[in-house]
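Here is a short note to read alongside the model. Please keep the sequence and the 3D view open and check each point against them.

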Amino acid sequence: MRIVNQSPIADPAPPPAPGEERYRSLALANSVIALPGGQFIDLLGSPAAANEWLVDRGLAPADAGMREMCAAQLRSLREQVRTLLASRVAAVPALPAAVAAVNDAMNRVPTAPLLQWDERRGPYRVTPHPTTQIVDHALATLAADAADLLTGADAERLTACGSAPCNRYLLRHGRRHWCSTRCGDRARAARAYARRTRSAGD
């Protein structure tokens, strides 16, 4: 797999796929993007890129100081979530290791807001988010989001983009099976080319 960095001359990353605005785990799964020619854009390919991705989704402060080990944990969870989405789309049993990885991530930190009490404010609830657990908190949040996606009503709309070589997932609307206009155009062009080739062979 050849990874390319985004630059003005590189093939830019497509816009978010349908459903990413609701499910951050879907955005995580789609954070490695297949391009024509066997290249990929990895939005988590470096600690700085992973930090930016988390910041953009409200999962880490800008000064989190992401290290490679943390970025690698995020990429590892991404692969497990992708495995689960692929199993759901194909209607086949999921690999136990992928299920265990998501459950392990959810169990790392408390996700329910805990009760706090002080003299001025009285009782209130807050989700703990200590600096030392920024990545664990992000992983737990993303894992819980993936579990919600896979077990909720939207799971019936989950599909893989139907335009090769795209590897992204989306929540389909109607008959649309493409994650972006670009992929839809590419799929239509491929079908038109196949029709012309068949006609020329007759």
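**Notes on the model**

1. Of the 202 residues in the protein, 38% are buried. The model is a predicted one, and the values below should be read with that in mind.

2. The protein contains 6 helices and 7 strands. Read from the N terminus, the order of elements is β-α-β-β-α-α-α-β-β-α-β-β-α.

3. For contacts between residues at least 6 apart in sequence, 55% join residues at least 24 apart.

4. Which residues have the most contacts inside the largest nonpolar core? They are Trp53, Leu74 and Leu85, and this core has 34 residues. At least two of its residues come from each of α1 (24-29), α2 (47-56), α3 (68-90), α4 (96-106), α5 (134-151) and β7. The largest share, 9 residues, is supplied by α5.

5. Leaving out residues up to four places away in sequence, Leu74 touches Leu28, Leu44, Ala50, Trp53, Leu54, Leu139 and Leu142. There is also a second, separate core, which has 6 residues, including Ala17, Cys161, Leu170 and Cys179.

6. Where is Cys166 found? Cys166 lies in the loop between β6 (158-160) and β7 (169-171). Is Cys166 buried or exposed? With a relative accessible area of 13%, Cys166 counts as buried, because the cut-off for buried is under 20%.

7. Apart from neighbours within four places in sequence, the residues in contact with Cys166 are Ala34, Cys161, Cys179, Cys183 and Arg186. Cys161 and Cys179 also belong to the second core.

8. The next points concern charged side chains. Side chains of opposite charge can pair when their charged atoms come close. How many salt bridges does a search of the whole structure find? The search finds 9 salt bridges.

9. Arg75 is buried, at 17% relative accessibility, whereas Glu68 is partly exposed, at 39%.

10. A salt bridge also links the side chains of Arg108 and Asp104, with an N to O distance of 3.7 Å. Arg108 is partly exposed, its relative accessible area being 35%. Asp104 is partly exposed too, with a value of 43%.

11. Asp154 and Arg157 form a salt bridge as well, and their closest N and O atoms are 2.9 Å apart. Asp154 has a relative accessible area of 9% and is buried, while Arg157, at 25%, is partly exposed. This pair belongs to a network of salt bridges that links Arg22, Asp154 and Arg157.

Technical notes:
Residues numbered from 1 in each chain as written. Predicted model: local features only at pLDDT ≥ 70, side-chain atom pairs only at ≥ 80, totals over all residues. Heavy atoms only, no water. Salt bridge = Lys/Arg side-chain N within 4 Å of Asp/Glu carboxyl O. Buried < 20%, exposed > 50% of the residue type's maximum accessible area, 1.4 Å probe, protein only. Helix = DSSP H or I, 4+ residues; strand = E, 2+ residues; numbered from the N terminus. Contact = heavy atoms within 4.5 Å. Core = buried A, V, L, I, M, F, W, Y, C linked by side-chain atoms within 4.5 Å.
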